[in-house]
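Q: Could you take a close look at how the packing of one part of this model is put together, and walk me through it step by step?

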Amino acid sequence: MALDPKIKAVGFDMDGTFMHTKVDYVKLARVVYDEFESLGVPDEILQTDNYKLTMDGGIRWLVEHGKSEYVPGINERIGNRATEIEMEHADIAVPFPGAVEVLDLLKEKGYKVGILTRGGREYATTVLGNAGVLKKFNALVARDDYPEEEAKPNPLAMDHLAAALGVKSGEILYLGDGIVDFMTADASGAQFIGVETGPNTAEMWRKKAGNGVRTIPSVAELADLI
């Protein structure tokens, strides 16, 4: 199984894919809920398991109850708090074994390489910079580089990475550890390989993304396909 000849660039999710990181995702998942709760939005309006519904419902309630003045800046406040949580353990993040070697091999073969992450830019540049790999990437697209609604799983996120790399989304192979990564690639026309260094085993990938999904144990095994 080799790479499709039309592939010109390889993109990586960061957490759980290229970098072994520690992020309190339980706390991170509550950031949006906590923001609206602090503004008085009732619990029944908020849905902690769906970011978009929580945002839409919370904003609608604020507007309908005469609190529109709190709407500007919500994304910035939520983003700042999310970055605080991400940064808590940024100093212990390291590349997965073989990840840097794969990156160097891809560049030797003429592929452009990039990171597309839902992490904030401050967090991403800190983690990749501490690992000494930030400058190895041709492009980095983080959560707060564009409006929040354009972040993964919106296919626009992949389009932004493609533009930064100077290629089309359909010319990218994207590797990720979560179903959001698959959804982003699939919707944008990018090719996808799921890694098993995050929450999903090969069997779980097939259940979530279909039997046709390609998986490898880690990014290190990408070397066998180049």
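A: Axes here are lines fitted to C-alpha atoms, for helices over the stretch in contact, and angles run from 0 to 180 degrees between N-to-C directions. This is a predicted model, in which local features need pLDDT of at least 70 and side-chain atom pairs count only at pLDDT 80 or more, while totals for chains, interfaces and linings use all residues. Residues are numbered from 1 along each chain as its sequence is written, and side-chain values use heavy atoms, with hydrogens and water left out.

The axes of helix 4 (residues 74-87) and helix 6 (residues 121-130) come within 8 Å and cross at roughly 20°, where helices (H or I, at least four residues) and strands (E, at least two) are DSSP runs numbered from the N terminus. The two helices, helix 4 and helix 6, are therefore roughly parallel to each other (angles under 35 degrees; over 145 is roughly antiparallel, 65 to 115 roughly perpendicular and the rest oblique). In this pair, T83, E86 and M87 of helix 4 meet E122, Y123 and T126 of helix 6, with contact meaning heavy atoms within 4.5 Å.

Turning to the sheet, six strands form an open arrangement in the order 5-4-1-6-7-8, with parallel pairing (two strands pair if DSSP finds at least two bridges between them). Its edge strands, each pairing on one side only, are strand 5 (139-141) and strand 8 (214-216), and the twist averages 25° from one strand to the next. Strand 1 (residues 9-12) pairs with strand 6 (residues 172-176) in the parallel sense over four bridges, and V10 stands opposite L173 in strand 6. Helix 5 (residues 99-108) packs on this sheet, touching strand 1 and strand 4 (112-116), and its direction makes about 160° with that of strand 1. Helix 9 (residues 202-209) lies across strand 6, strand 7 (191-195) and strand 8, running at about 140° to strand 7.

Within strand 4 is I115, which counts as buried because its relative accessibility is 0% (buried is under 20% relative accessible area, exposed over 50%, partly exposed in between, with a 1.4 Å probe and protein chains only). Leaving out residues up to four places away in sequence, I115 touches residues including F12, F18, L128, F137 and L161. I115 and F137 are 22 residues apart in sequence, yet their C-alpha atoms are 7.2 Å apart. Beyond its neighbours within four places in sequence, F18 is in contact with residues among which are F12, A99, L103, I115 and F137.
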